[in-house]
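Here are my notes after a pass through this one, in the order I'd go through it on screen. Have the model open while you read.

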Amino acid sequence: MKKDNSQLIMTLLKGRTFIVLILLVIFFSFASKSFLSLNTLTMVAKHVALYGILALGMTFVIITGGIDLSVGSVVGLVGMLAGGLIQEGLTIGGKTIYFTVPAIIILMLCIGCLIGLVNGLIITKLNVAAFITTLGTMYICRGLANLRSGGATFPNIGGFEGLGNVGLKALGANWLGIPAGVYVFAILSIIAALLLNRTPTGWHLLAVGGNEKSAKLSGIKSDQVKILAYVISGFCAAWIGLINTAQLSAAHPASGDGWEMNAIAATVLGGTSMSGGSGTIIGTIVGAFVIGVINDGMTMCGVSEFWQKIIRGAVIILAVIIDQTQRNLQAKMALQARNESK
Amino acid sequence: MFEDPNVVLHCEKIDKIYPGTKALDGVSFDLLKAKVNVLIGENGAGKSTLMKMIAGIEQPSSGKMYMDGQEVYFRDINDARAKGIGIIHQELSLFPNLTVYQNIFMNHEQTNFGLLNDSAHIEGAKKVLKRLEHEIDPNTLVGDLRVGQQQMVEIARNLVSSDLRVLIMDEPTSSLSAAEVKVLFKIMRELLEQGISIVYISHRLEEIMEIGDHVTILRDGKYVADADIKDIKLEWIVENMVGKNTQYHRFTRSIDLDKAGKILEVKNLYLPKTGGGWLLDNVNMFLKKGEVLGIYGLLGAGRSELFECLMGMHPEHSGEIFYKNQKMKVGTIADQLNAGFAIVPEDRQRQGLVQSLDICKNASLASLSDFAKFGLMDYTAEGAAVDEEIRELHIKVADKTLPILSLSGGNQQKVVIAKGLMTKPEILLMDEPSRGIDIGAKTEVFEIIHEFSERGLSIIVISSELKEIMAIADRIYVLSNGKCTAELKGADITEDNLVRASYAGLGTGKNQAA
């Protein structure tokens, strides 16, 4: 009887983030009449995609036991670079070249990967703590974003017909009524889940985060695995830089400020352990929805920005407390099962 | 250049130099084909280091290795594995966060078009675990297994590669039960029939006599002797392992210890191990006033854990402790210090010293409250007390405000001892007090032990060096696998008795019954 109870509690705890998400949706649909409308849900989905894609990358980094604080600034920098390329082009030796939008997207994704590569190299080869390294690159990228325009906005990212660089705005538009970012989020989620669960690389990421020494003794090149995680994180951040710019129809150097915290929060809410070694993509997706629903729901209910921060903070701490409770319970049940099998 | 059909791998004059120590010194080693090659030596003799070279985990500082008549060089573990060399590590190197089958196939993954083939993994894991007679569900998390099962998973990992030629087993039986050891030996014989060569490191001498074919003995990083097992006896192994050189001066005691009263008595002490079993298993012992009591045992025998229990670091222990004939409730570390216990820990750098503080502060750290007046430090009194200890222990210090790391290892150790003595203890616990210091400093540390015991301080010394403990201790308890296997006194203190008792608790079942 008692065992059945604890198993029920276990199931509830495991699905806790999802249960919280449903409760939140029910709560906000009563609290604000317009919450369950198509318009609102589209807006929520649009925001969730922003946090969600950053959180996908963050999940890989946190699984290896690291952290990436630079993603918010990468969003800003990539936006400014993309906006600059469209509005001003690239001037080399007095000649100005304008790139097509697909070329710009590929270039920006490469820049995101490059920043991730730099983070990963500094962390693994020079042995600087991940927190410090990415804090540094966070400031550097934000500074570069401001330098690009002297702190000003690039207001026209629509491009010019004559120059053949029209089209970035499509990333901020709705396709068949659904924001483009949501499609990107869905595709990247599938790729991320495949990578983590269905490839040797996924195992290696979990192994490095779980026990780096053992991973090395198994012949896994742990440095390469870690660097890959930061490259993925940079790649995801570059996508958000592009999508966010497209949604705003302008590139602003302060874009993405503090978004790394939303990404970390979504990842942790999704059950990824900050000490590394465990985490799931589906958990992170649900975590991103929780963050998105709380943020937009509270805004719609007229909760002040100040209170929103307090509530968000409380939710994150609560999630980790529940996580610890689950772990203890799990350990207790494993011990119980072992004693019974004796 | 080197060719012998019976030798699968030949090491030629391997040196391995770590900063400050020479772990291997010109060791040559032949790994015989389809035989159980046993490596024996005391802790720190270089067995594991040599195996790390062969498995590609570390690279020799100089020397060469040959396989099939060709020189080989392993840059990393993958190079060695490509040549068919597998290793079962002394410390489990598993991933508790992953499942059994993920652990078994980690970095040996089977894939279809780049995607993992988990049904093949689960099937393969089931097969190899069945062979090991441990049918664990491959989907179980390794962290949920008990230690013996984890050890089996570790062994299973090496059996799934099809091209295995050499299997190195570094103390694979340390956490296995007698039945599990039997299964392991069966597997080893199967492997030999398949032509696979095994290197076997173990402290359990009886096991070696049972399974081994050829034994090589190392001491202090040097080759000592090798022989076929069928030609030798246990005594030969012990004799070569311990060596006959280095004798320490034996101190004569002026106190009549037979008449001295007991200051400490430990009854039925148990300390549980996470994952099952005991770190300390019904330990009973006593200490007399003014006595130097030795605790001898192998690595992991529970020696340091005994001290930790007495210092209040393991509240989960059970058993009774009598101090000055009164039953004592072991409190926190601070309580135990106040009660008159002091410890000189095993790891000087990590547990004994605070590197950022100067010599004086390191010495007075445990007794700072003695120098506080109305809550403020009286630096004059503190300095005078530290100076007193520096004089008494002959610590060579130019200026006590210099950083602690400016001292030699021996003098650093004396500062740690001074820290213990400044708490004015009645019982001093010293864990490997001579580790990592030169021979001159060792002798001085032994003199300090002798001098203070003559003044009535009761001292317990842990040492894994036979010669040392025989020189300083009045009486010796031997711990083996958490059990107290011998109490030796006077003429009974011999190398042979100590070594035999230190293996006695490692049950292959046979000697436990005896």
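1. Start with the pair Val215(B) and Ala227(B): Val215(B) sits opposite Ala227(B), which belongs to E12(B). Keep in mind that this is a predicted model. The strands here are E11 of chain B, residues 214-219, and E12(B); they run antiparallel and are joined by 6 bridges.

2. Now zoom out to the sheet around that pair. It is an open sheet of 6 strands in chain B, ordered E6-E9-E10-E3-E11-E12, and its pairing is mixed. Which strands stand at the edges? E6 and E12 (222-228) of chain B do, and each has a single partner strand, so one side of each has no neighbour in the sheet. From one strand to the next, the twist averages 20°.

3. Next, the helices on this sheet. H5(B) packs on the sheet and touches E6 and E9 (166-170) of chain B, with its direction at about 180° to that of E6(B). Helix H6 of chain B, residues 178-193, lies across E3 (36-40), E9 and E10 (197-201) of chain B. The angle that H6 makes with E10(B) is about 145°.

4. Chain B has another sheet to look at. This open sheet also has mixed pairing, and its 6 strands follow the order E18-E21-E22-E15-E23-E24. At its edges are E18 (341-344) and E24 (483-489) of chain B, each pairing on one side only. Ignoring direction, neighbouring strands of this sheet are turned by 20° against each other on average.

5. Inside that sheet, have a look at E21 (residues 427-431) and E22 (residues 458-463) of chain B, which pair in the parallel sense over 5 bridges. Helix H15 of chain B, residues 439-454, lies across E15 (292-296), E21 and E22 of chain B, and runs at about 155° to E22(B).

6. How many cavities of 30 Å³ or more does a search of the whole structure find? It finds 4, and the largest cavity holds about 170 Å³ of space. Its lining has 18 residues, and those nearest the centre are Arg81(B), Gly86(B), Ile87(B), His108(B) and Asn158(B). Helix H2 (77-82), strand E6 (85-88) and helix H5 (147-159) of chain B are the elements giving two or more residues to this lining. By class, the lining of the largest cavity has 6 nonpolar, 8 polar and 4 charged residues.

7. Over to chain A and a helix pair. The axes of H7 (residues 180-198) and H12 (residues 281-300) of chain A come within 9 Å and cross at roughly 150°. H7(A) contributes Phe185(A), Ser189(A), Ala192(A), Ala193(A) and Leu196(A) to the contact, while H12(A) contributes Ile281(A), Ile285(A) and Phe289(A). That makes 7 nonpolar residues, 1 polar and no charged ones.

8. What about the interface? There, 30 residues of chain B are in contact with 22 residues of chain A. The two chains bury about 2100 Å² between them, with carbon and sulfur atoms giving 57% of that area. In chain B, the residues losing the most area to chain A are Phe95(B), Asn97(B) and Leu116(B), together 24% of what that side buries.

9. Last, the second largest pocket, with about 1200 Å³ of space. It is lined by 38 residues; closest to its centre are Ser278(A), Gly279(A), Gln326(A), Gln330(A) and Leu141(B). Elements supplying at least two lining residues each include H7 and H12 of chain A, together with H3 (100-105) of chain B. Which helix gives the largest share of the lining? H13(A) does, with 6 residues. The lining of this pocket divides into 13 nonpolar, 19 polar and 6 charged residues.

Key:
Residues are numbered from 1 along each chain as its sequence is written. Chains are lettered from A and ligands numbered from 1 in the order in which they are written. This is a predicted model: local features need pLDDT of at least 70, side-chain atom pairs count only at pLDDT 80 or more; totals for chains, interfaces and linings use all residues. Side-chain values use heavy atoms; hydrogens and water are left out. On a 1 Å grid over the protein atoms alone, a cavity is a set of points where a 1.4 Å probe fits but cannot get out, and a pocket is an open set with protein on both sides within 12 Å along at least five of seven lines; lining residues have an atom within 4 Å of a point. Grid points are joined across faces, edges and corners, and a volume is the space filled by probe spheres set on the points. Helices (H or I, at least four residues) and strands (E, at least two) are DSSP runs, numbered from the N terminus. Ala, Val, Leu, Ile, Met, Phe, Trp, Tyr, Cys and Pro count as nonpolar, Asp, Glu, Lys and Arg as charged, and the others, Gly among them, as polar. Two strands pair if DSSP finds at least two bridges between them. Axes are lines fitted to C-alpha atoms, for helices over the stretch in contact, and angles run from 0 to 180 degrees between N-to-C directions. Contact means heavy atoms within 4.5 Å. Buried area is the accessible area (1.4 Å probe) that two parts lose on being put together, summed over both.
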